[in-house]
Amino acid sequence: MQLHQWLKRIKTPQAFSQLNRKPIPLVGKPIAIVSLLVLAGCQQLPTVTKLDIFSDTQSLHNNLTTPISSDSINKPVEAVSKELASKELTDNASTDLWDRVREGMALNLEQKQPRLAAEVRWLKKHPRYFDKLSKRAEPYLYFVLAEVEKRQLPSELALLPMIESAYDPFAYSHGRASGLWQFIPQTGKHFGLKQNWWYDGRRDIAASTNAALNYLEQLYKRFNNWELALAAYNAGGGTVSKAIRYNKAQGKPTDFWSLSLPKETKSYVPKLMALATLVANSASHGVELPPITDEKRLTKVTIDQQIDLAQAAKLAEISLDELYQLNPAFNQWATDPNGPHYLLIPVAKADQFRQNLATLPTNARLQWHRYQVKSGDNLIKIAKRFNTRPSLIKRTNNLSGYFIRAGQTLLIAKPSQSLNSYTLTAAQRKQISQHRQRPGHTKKVHKVKMGDSFWSVAREHRVSMRKLAAWNNMAPGDYLKPGQILVIWQPKSKATNGVVRKVRYRVRRGDSLYQIATKFNVKIRQIKEWNQIEKRHLKPGQLLTLFVDVTKPR
């Protein structure tokens with residue numbers, strides 16, 4: 001590209017901002033280099049100063065004219081061009097990630113649409129809401145934006161998880177949608193997101209972001225319009241195509257704003273565009289964006305095989321909760337034995353993690369228990385006892401079938417810490433959701449019977465089916481199993497008043513379930529359910545989780 005052509009492209013601050021992230025495209029262009037030297041006047045100075053041609057654009061990235069050493073003037077033109085091209089234009093580069101988001105915006109945010117204007121007004125009236133979204137997005141936004149940039153997609157797409165999940169990787173909707181990008185099970189599987197007892201790829205930050213961007217690219221190719229593609233991401237491509245066909249038949253416009261779409265979808269696209277509007281023009285809208293440092297926070301580290309997550313957190317020198325927050329796809333206490341075999345680790349801890357992992361013997365990644373099969377045992381019962389899967393016990397012990405005999409010894413992987421320590425496993429998250437305090441309500445427990453459904457249980461207790469599912473960290477479409485415990489929260493007028501608090505109790509020598517239940521005025525079966533205990537035997541030092549009504553006499 002000739003120098004004058006390249007300069008002609010630079011018309012706006014945004015264009016300069018785009019160039020600020022890339023080397024000057026002069027490699028192999030002798031004519032362009034000579035032109036630069038002529039413009040600079042070939043002055044006998046220690047360095048080449050700013051180009052006079054840009055003297056009227058001081059506010060635009062001055063680092064465009066990165067100084068060249070005086071020795072470079074005597075180098076061959078090709079060598080000088082390589083020196084220029086290799087220098088990063090960072091002297092005046094912003095350290096705020098929001099500036100990078102602005103650089104890559106491509107949607108038309110200047111449209112005079114009432115729905116867009118209404119969403120902008122709402123956000124301006126609720127600045128704390130945006131602050132909350134920014135705080136939640138902070139650990140993941142750099143990673144997501146980098147993936148968007150790799151594909152040269154509009155950077156507004158990096159804001160989409162704010163609309164989908166409020167950037168909560170554990171978000172689970174009434175429609176069974178999960179993760180940052182809110183994939184439902186079928187769509188997730190279609191885009192290669194594995195879902196099983198150990199792992200749910202819909203919550204995997206890396207895998208789900210890749211799948212979501214694949215999906216959005218497909219929708220854009222189908223509709224050739226980002227507003228329609230975004231609407232289709234929410235409502236489905238078939239819904240949007242049907243609305244377009246209807247408008248065509250009626251001789252009406254087929255742009256997003258003219259289509260008859262579901263109510264949720266009609267507000268979905270304006271919500272994203274409103275967020276983008278405030279990011280793009282925060283100052284003019286009187287909004288102060290919480291700064292997010294423009295630096296890489298997470299890196300993907302290969303682990304090769306299954307590992308206990310408490311062990312991994314120890315190797316990375318971070319808390320177990322932080323490891324789960326960065327790797328929310330893992331449902332249990334360990335990674336999936338069949339992969340994926342990687343973890344997202346904070347950049348500052350990655351090298352230390354790799355070194356510690358390399359020195360850890362392979363057989364020390366999990367703790368093992370030698371279990372002697374008793375009369376009446378089967379693999380399902382044993383797997384439940386040790387919080388693992390029958391198939392894993394079978395594979396570990398080279399069993400050809402599911403038949404086992406009394407006296408046989410099985411090698412079983414077990415967590416290195418008590419299950420209560422793995423606070424963000426699927427089971428623990430469900431417990432937290434069930435026992436989270438809801439002001440003005442008291443808790444009831446329903447044990448699922450054969451034939452029960454969310455509809456029938458909700459009707460029996462006169463509560464909303466959606467609320468019933470949400471209280472139990474489920475969706476109304478999820479299956480209920482006989483014996484399963486559902487928590488129901490009812491207004492205090494319909495039940496006795498009480499204040500329930502979560503209590504952590506460490507078992508003392510001589511304690512029994514009966515004594516602890518009597519002491520805290522709870523039932524033995526509740527203690528067993530809360531702590532996944534099958535037997536009555538307790539060990540001194542064992543940590544129990546109890547939910548105690550502090551208003552009851554003890």
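Author: The model is predicted, so local features need pLDDT of at least 70 and side-chain atom pairs pLDDT 80 or more, while totals for chains, interfaces and linings use all residues. Residues are numbered from 1 along each chain as its sequence is written, and side-chain values use heavy atoms, leaving out hydrogens and water.

Reader: Within what arc do the buried residues of α7 fall?
Author: L116, E119, V120 and L123 are buried in α7 (under 20% relative accessible area; exposed is over 50%, partly exposed in between, with a 1.4 Å probe and protein chains only). Seen down the axis of α7, these buried residues line one face of the helix, because the arc they fall within is 100°.

Reader: Which helices do the buried residues of α7 pack against?
Author: P114 and K125 are exposed, on the other side of α7. The buried residues of α7 pack against α8 (127-150) and α14 (263-280).

Reader: What N to O distance separates the side chains of D99 and R102?
Author: D99 and R102 are three residues apart in helix α6 (residues 97-103), so about one helical turn separates them. D99 is partly exposed at 27% relative accessible area, and R102 is partly exposed at 25%. Their side chains meet in a salt bridge (a side-chain nitrogen of Lys or Arg within 4 Å of a carboxyl oxygen of Asp or Glu). The N to O distance is 2.4 Å.

Reader: How many residues apart are D478 and R176?
Author: D478 forms a salt bridge with R176, with the closest N and O atoms 2.8 Å apart. The pair links distant parts of the chain: D478 lies in the loop between α22 (465-471) and β6 (485-491), and R176 in the loop between α9 (160-164) and α10 (185-190).

Reader: Are D200 and R202 buried or exposed?
Author: The closest N and O atoms of D200 and R202 are 2.9 Å apart, in a salt bridge. The relative accessibility of D200 is 7%, and that of R202 is 6%. D200 and R202 therefore both count as buried.

Reader: How many salt bridges does a search of the whole structure find?
Author: R100, E149 and D294 are linked in a network of salt bridges. For the whole structure, the search gives a total of 13.

Notes: Helix = DSSP H or I, 4+ residues; strand = E, 2+ residues; numbered from the N terminus. Arc of directions from axis to C-beta. Contact = heavy atoms within 4.5 Å.
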